[in-house]
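Please keep the viewer open as you read.

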Amino acid sequence: MNKYRRYLFICLMGLSACSVFERKQEVTTDTLASLLLQNASPQTDAPQLPVKLPRSQPLPVTTHEDIVTNYQRLLTLAKDPLVIVNMQQRLAELEMIKSEQLDSNLEIQDTKSSEQKSTIEPSKHPSNSLAKVATPSAPLTPSDKPYDSSFYTKTIEAYVALLDTYPDRPDNDEILYQLSKAYELDTQLEEAIETLTRLTENFPDSKHWVEAQFRIAEFLFSDLQYHRAEQAYLSVVENENTSSMYQNSLYMLGWSRFKQEHFDSALEAFISFLDHRFTGQIPPASIDPNKQQQLSDVLRVMSWIFTERGGPKSIASLLNNTRARAYEHLLYSRLAGEYLAKSRYIDAANSYQAYIEKHPANQYAAIYSGLKVDAYLSGSFLELAFREKISFVAKYGFVAATQAINPGVGNGQEDTQTRLKQYVHELATHYHALAQKTDDKQKSNAHYLQAINYYQQFVRLFPSDQATPAAYYYLAETLNKTGQYPLAIQAYEQSAYQYPAEEHSANAGYGAIHSYRKLLASIPKEQETQREQISNQKIESQIRFTEKFSDDARVAAVLTKTIEELFSKNSYQSAIDTATRLFSLPQERTTRSQLDISRRVVAHSLFELKNYPEAEIAYLNLREVSTPKSRDYKTLNERFAASIYKQAEQAMALEEPQRAIHHFMRIIKLAPDSTIRTSAQYDAIVQMVATKQWAAATDQIVDFRRRFPKSSLNANTPHLLITALQKLERWPDAADELVKLSISSELADEKRTTLFLAAQTYEKAKDIAQSIRYYKKYAHAYPMPLDDALESRHRLEQLYLAMGEDSKRRYWLNKIIKLDSSAKTTERTDRSRYLAAQASLVFAEDARIGFEQIRLKLPINKSLSKKKKSFDKAINRYNRVLSYQIAEFTTVANFKMGAIYQQLSADLIDSQRPANLNELELEQYEMLLEEQAYPFEEEAIAIHETNAQRSWIGIYDKGVQRSFDSLSELLPARYNKHEAVIIYSDEIL
């Protein structure tokens, strides 16, 4: 037996309350007198010593041999049997101390050159016997004794003699206890067991009873008497539950049962041992070495049993209660380790899984999930390992996202985080690669979506990891592939701009730009607001790229594109500023095309910013480096001319027409072949007309019409020319132009108005024949609008009046009346009624004159009938005039109607009398005529009075005045009164 095991066994014995080492303290602190007093009987007179050293003073140095000699000398003097017994016991103890010291010194010297070994030395795993899996160490045997047995001979002799002399002494349990230790240390195991048996049988209430049973069990176990050892250990367990012997008894009880192949009861004992010893969290690294070794041995032997009795199911069956056990995870772990040692990888994985399923939220579940992956990988079960990684990420990725990964587990949490990071990244890259290799679009898209999921988890869970920028980049790539452009852009920009520059940064920045382009292409054109927003963001991303990655070879291209896009968004100053950045790049980093595009954008931007002088210079410079045959020359020439044209417009806005004319004429000179030259010359003409430069305008118009006969602007030159000719009072030429315009115009309204104006202008030119010709043409062609139609007829009747052609005049007067009467009420105007009333008055006058020309002569009935018809016609004509309700003609018509009634009355009185009437008959005839004439006179008075009363409302024209004149004749008493005029002198009295 090796010395280390014996030494450790001695230490275990030292746990006893009556340890020899405890008594060493008594020997070294008590005086000889105190020992005598301590063991003296109350009935015995103890020797009185004259001097007792106070305990505060140091004791004299005394050797072990001196103490023994003194006790031996005192023993010859003692008379009291009890004192003699106590002194003999003390001498035996002193011998024990001496022997132990000698043995201990030899032991220490022997172990200095040896490696320290565990209390338990498990044997190799034989394949033929479960009971030989592991064997704890046994007590010492005689063959192991390396020193002289005389060390303990005197001690044993002393204790035996004491027992023989005093066999019935009540404290003999203490002697038996010490004697057993001496036998044990002297490797007389049988004697030691016999002595301990005497102690347990004779002293069941001894304080050493439990320890004695434990030591008996230890000896029996070493002697391979496992059943007896089991009973002895069980006795300790049943009588003790706190000391280390209780824990060790549980431990050895399991081993005893295991050696008997009572595996179920062995497991129960081991579980009880584990329950008692490990009540809290037990991270293996922090366990006491002794506990660590015991735990290791127990777990090893238990795992061996589990492998043969159902694996993890046997653990679940054993731990069928709901009480949580701090060490439970170790059972599954060691079982898995046992399977791994036997290359049973699936069984090992299932062991981990059993614990995970039982305690899914336990702190070790995540660790074992990772170990499960390792088990599959060790057995090359790659598909199973892959699935387990997916499961691991699905569970613990969510946990990590909620910041609850294994709280308080320490290294376990770190391991879970490490594995989670590894698995998430592996799954992401796996699916990414799979998607790239798959030709089936649907399957490829599904793989991309899986890769997206894991990349997203990685960047969310590990935002500060050194691999995160690349993960963002690959996430963006997969999102881009699946058409998720907004998310792709976010990921690209995270990779490019939220982390220090690394391998993928520039590509990520450029990738964001590329995704913006695809996003824009996917948005319908009608969604203008959204497109505009995305486009602006794209430009911002491009600018950001060129600023952060200014040395990238793609910067010039991106700047060029940005310049064009800024211009298209009317961000002209930004376009110019960005172009300036492009121009500042080294020449070798730009192409001529990029520079040309940017220079054009600068010129266009200056133009749009209304900086037309600088735009003119920019376009002129571009035109000068081009050639007339080049494709761009014409465009540049046009823009150059437009820049000058805009300066002319600015001059017009500032009301500087002469400066505007100057710029227009510059275009004719500097860009004569530009398309805008036509507009420039035309606008110059307009400005000349506006500034009354009639002669210059006329010359330019003639030149313009000659140069550009097909120009659409020629539609307006006749008007301008007509205006200029009219201002120059070239009426015949103006009239001719109006006729031409009327003929050439495709606008119906313009054809009509210019025809009318032509007739008027010919009238101004005194060309009456041409004037009448075009008035007639207008009158026949355009019955509407009513006013112009009536005016044309009115002008004709006036011209014919001037020419004295009454019949032709009355033809057009009648046309005026008919045109007005046929018009709708809504179309008639004051002017139309006026002309119609005026025309009707002419025909009424004709009727009145005809009435007046009819004389009443015999036969009176015949002439009166004719007179009456003419009267009615005239009255109707005047009533028609009155129907127009034109005041000017109403008063005249009323006066004329009164005059007709008055005339009819007078004509009746003045009519021819029959020749064959006598005087009486003539008198009666005249009376009859007066009676017939009187009503007409009365009607004339009434009409004149009505007309005269118009003066009361402020109307006093010739018609009213003449009615007053007529009334003064018809009713002189009332109307022929002269107003009295009072003349005041302004002479100062």
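Which side chain meets that of Asp 846 in a salt bridge? The partner is Arg 810, at 2.7 Å from N to O; a salt bridge here is a side-chain nitrogen of Lys or Arg within 4 Å of a carboxyl oxygen of Asp or Glu. Asp 846 lies in helix α39 (residues 830-853) and Arg 810 in helix α38 (residues 806-822), so the pair links parts that are 36 residues apart in sequence. Helices (H or I, at least four residues) and strands (E, at least two) are DSSP runs, numbered from the N terminus. Asp 846 has a relative accessible area of 29% and is partly exposed, and Arg 810, with 24%, is partly exposed too. For these classes, buried means under 20% relative accessible area, exposed over 50%, and partly exposed in between, with a 1.4 Å probe and protein chains only.

Before going further, a word on the model: it is predicted, so local features need pLDDT of at least 70 and side-chain atom pairs count only at pLDDT 80 or more, while totals for chains, interfaces and linings use all residues. Residues are numbered from 1 along each chain as its sequence is written, and side-chain values use heavy atoms, with hydrogens and water left out.

A search of the whole structure turns up 40 salt bridges. One of them joins Asp 788 to Arg 752, with the closest N and O atoms 2.7 Å apart. Here Asp 788 belongs to helix α37 (residues 786-803) and Arg 752 to helix α35 (residues 748-764), so this pair ties together parts 36 residues apart in sequence. Asp 788 is partly exposed at 25% relative accessibility, whereas Arg 752 is buried at 8%. Another salt bridge pairs Asp 820 with Arg 828, their closest N and O atoms being 2.9 Å apart. Asp 820 is buried, at 0% relative accessibility, while Arg 828 is partly exposed at 27%. Salt bridges with shared partners also connect Glu 845, Arg 848, Glu 852 and Lys 896 in one network.

Now step back to the whole protein. Its secondary structure consists of 44 helices and zero strands. Of its 989 residues, 47% are buried. Among contacts (heavy atoms within 4.5 Å) with a separation of 6 or more, 60% are between residues 24 or more positions apart.

For a look at helix packing, turn to α27 (residues 592-608) and α29 (residues 633-653), which pack at an angle of about 20° with their axes 11 Å apart. Axes are lines fitted to C-alpha atoms, for helices over the stretch in contact, and angles run from 0 to 180 degrees between N-to-C directions. The two helices are therefore roughly parallel, a label for angles under 35 degrees. Residues making the contact include Arg 600 and Phe 607 of α27, and Leu 636 and Ala 642 of α29.

Finally, some backbone details. The peptide bond from Met 784 to Pro 785 is cis, with omega near 0°, and Pro 785 sits in the loop between α36 (768-781) and α37. Thr 187 is not a glycine, yet its phi is positive, near 60°. Thr 187 lies in the loop between α7 (172-185) and α8 (189-202) and is buried at 5% relative accessibility. Glu 655 likewise has a positive phi, of about 60°. Glu 655 is in the loop between α29 and α30 (657-670), and is exposed at 70% relative accessibility.

Note on methods. Parallel < 35°, antiparallel > 145°, perpendicular 65-115°, else oblique.
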